[in-house]
Amino acid sequence: MPPSQAALRTALVTAMAFAHHKAQEKDRSRARDNRWDWHANFKSGNAVAESENIVAETAEKIFADLADAQTINRDNKGEWKAPLWQALTEAGLPLAWVGEDCGGSGASLAEGFSVLSAAGRFAVAVPLAETMLAGWLLAQARITSPDGEMTVVPASPKDRITVNADGSLSGKARGVPFAKAAKHFAVLASDTKGSFSIALVDASKCRIETGLNLGGDNSDTVTLDKVQPVTIKPAPDGFDQTRLMLMGGVARSLQIAGALESMLEISVRYSNERIAFEKKISKFQAVQHNLAKLAGESAAALAAATSAADAIANSKSFDDEVFLEAVSAKVRCSEAAEKAAAIAHQVHGAIGFTIEHVLHRYILGALAWRDDFGSES
């Protein structure tokens, strides 16, 4: 990554996302209503800068070693997935947001958010974010997370899962990411009185209709027909489907922002390599203008996503500030994904559309993530 981009990313993340400076801690010491505690089942402590975050560094190293974009692009059989998932599991990253008493790593919310940002920069096509979210959801009810891939149900604000009188679950959820690859589902369901429960469900007990998103990853329809859960417990007071959607939306925002960073880096590098009319295309004013716009969209997405992550990581309750930060991040990152995709393709010309080029992995991934856990609208 060029020094200017690295400095921009470091400055934004340090200042807005994972602050650990006394002045910033003082600013965030204002009291909040604690009707529902985000930090239940997690170790306490302030968020840390990404450069100081050993969890993020571990994730970056694993992705660099086992999730190289070009290597993955050439592997038509998907043989790269098993070694990557094994390494992530051994590092405890899929269950980073699960307390040690529930079978997880006990990392902070901020540390987990930094892992998602890194995953976006590598456009990782394994259910890491989904398993982290599922573990986080189960931890709210102190349900022990099982080993293996998981995902959350529902993944759309319009879908509902209901708890029947006998404790079984029924309902249909569309666009569930990586449902086909998951061994278990973390389900948020409500009864006829509007009370919410959190359940662990064996994926093999559900009917799954395979679907694909723009990025070519599974986005499936899951149907539960009086499915008996492995475990079901009441959700904490104040926890509802909106909270789950916003948490998922922030996770996707961080992934989109990470993908945009990589798109900018790839585009700048290509513009300095491509020769047209006997000079690098980066010397043309039109190209420079487009790259500046791309850098602006990337910075805006990163600022919005990391600000929302910081709000959640430092808040002890779900309040209007968290709501505004989360929805703003999803809207702005989704908008940036569309604009940045067009610019990156313009810089690359026709080569960026080819399946052989890595650019499409980041672009299609970012565009697909816009629809998960609530669209822009």
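This passage describes the chain as a whole, then its nonpolar cores, its helices and some individual residues in a predicted model.

The chain contains 11 helices and 10 strands. Of its 377 residues, 58% count as buried, and the accessible surface of the chain comes to about 16,200 Å², of which carbon and sulfur atoms account for 52%. When contacts between residues at least 6 apart in sequence are considered, 74% of them join residues at least 24 apart.

In soluble globular proteins, nonpolar side chains tend to be buried together. In the present model, the largest nonpolar core has 99 residues, and those with the most contacts inside it are Phe63, Phe113 and Leu128. The element that gives the most to this core is helix H8, which covers residues 241-271 and supplies 16 residues. Apart from this core lies another, of 18 residues, which includes Val153, Ala173, Val201 and Val227. Returning to Phe63, and leaving aside neighbours within four places in sequence, the residues in contact with Phe63 are Asp68, Leu84, Leu88, Val115, Ala118, Ala119, Phe122, Val124 and Leu128.

Of these contact partners of Phe63, Leu128 falls within helix H7, which is formed by residues 128-140. Ala110 belongs to another helix, H6, which comprises residues 109-121. The relative accessibility of Ala110 is 2%, and this residue therefore counts as buried, the cut-off being under 20%. Although Ala110 and Asn53 are 57 residues apart along the chain, their C-alpha atoms are separated by 9.2 Å.

Helix H10, formed by residues 320-348, has 29 residues and reaches 42 Å from its first C-alpha to its last, close to the 42 Å expected at 1.5 Å a residue. At the start of H10, a side-chain oxygen of Asp319 comes to within 3.3 Å of the backbone nitrogen of Glu321. At the other end, H10 is followed by Gly349, which has a positive phi, near 70°.

The C-alpha atoms of Leu294 and Ala336 are separated by 8.7 Å, while the two residues are 42 residues apart along the chain. When residues up to four places away in sequence are not counted, Leu294 touches Met263, Leu264, Ser267, Ala340 and Ile343. Gly296 is likewise found in helix H9, which covers residues 285-314, but at 38% relative accessibility Gly296 counts as partly exposed. Between the C-alpha atoms of Gly296 and Ala340, which are 44 residues apart along the chain, the separation is 9.2 Å.

A cis peptide bond, with omega at about 0°, joins Val153 and Pro154. Pro154 is placed in the loop between strand E1 (150-153) and strand E2 (161-163), whereas Val153 is among the residues of the core of 18 residues. Glu278, although not a glycine, has a positive phi of about 70°, and this residue is found in the loop between strand E9 (275-276) and strand E10 (279-280). With a relative accessible area of 80%, Glu278 is exposed. Phe373 is also not a glycine and has a positive phi of about 60°; its place is in the segment after helix H11 (359-369). Phe373 is buried, with a relative accessible area of 5%.

Cysteine residues may be considered last. The structure holds zero disulfides. Cys206, at 11% relative accessibility, counts as buried, and Cys333 is likewise buried, with a relative accessible area of 0%.

Methods
Residues are numbered from 1 along each chain as its sequence is written. Side-chain values use heavy atoms; hydrogens and water are left out. A nonpolar core is a set of buried Ala, Val, Leu, Ile, Met, Phe, Trp, Tyr and Cys residues joined through side-chain atoms within 4.5 Å. Buried means under 20% relative accessible area, exposed over 50%, partly exposed in between (1.4 Å probe, protein chains only). Helices (H or I, at least four residues) and strands (E, at least two) are DSSP runs, numbered from the N terminus. Contact means heavy atoms within 4.5 Å. The expected span of a helix is 1.5 Å times one less than its number of residues. A polar contact is a pair of N or O atoms within 3.5 Å; within protein, one must be able to donate a hydrogen and the other to accept it, and residues adjacent in sequence count only if both atoms are side-chain atoms. A disulfide is a pair of cysteine sulfur atoms within 2.5 Å. Accessible areas come from the Shrake-Rupley method with a 1.4 Å probe; for residues, only the protein chains shown count as cover.
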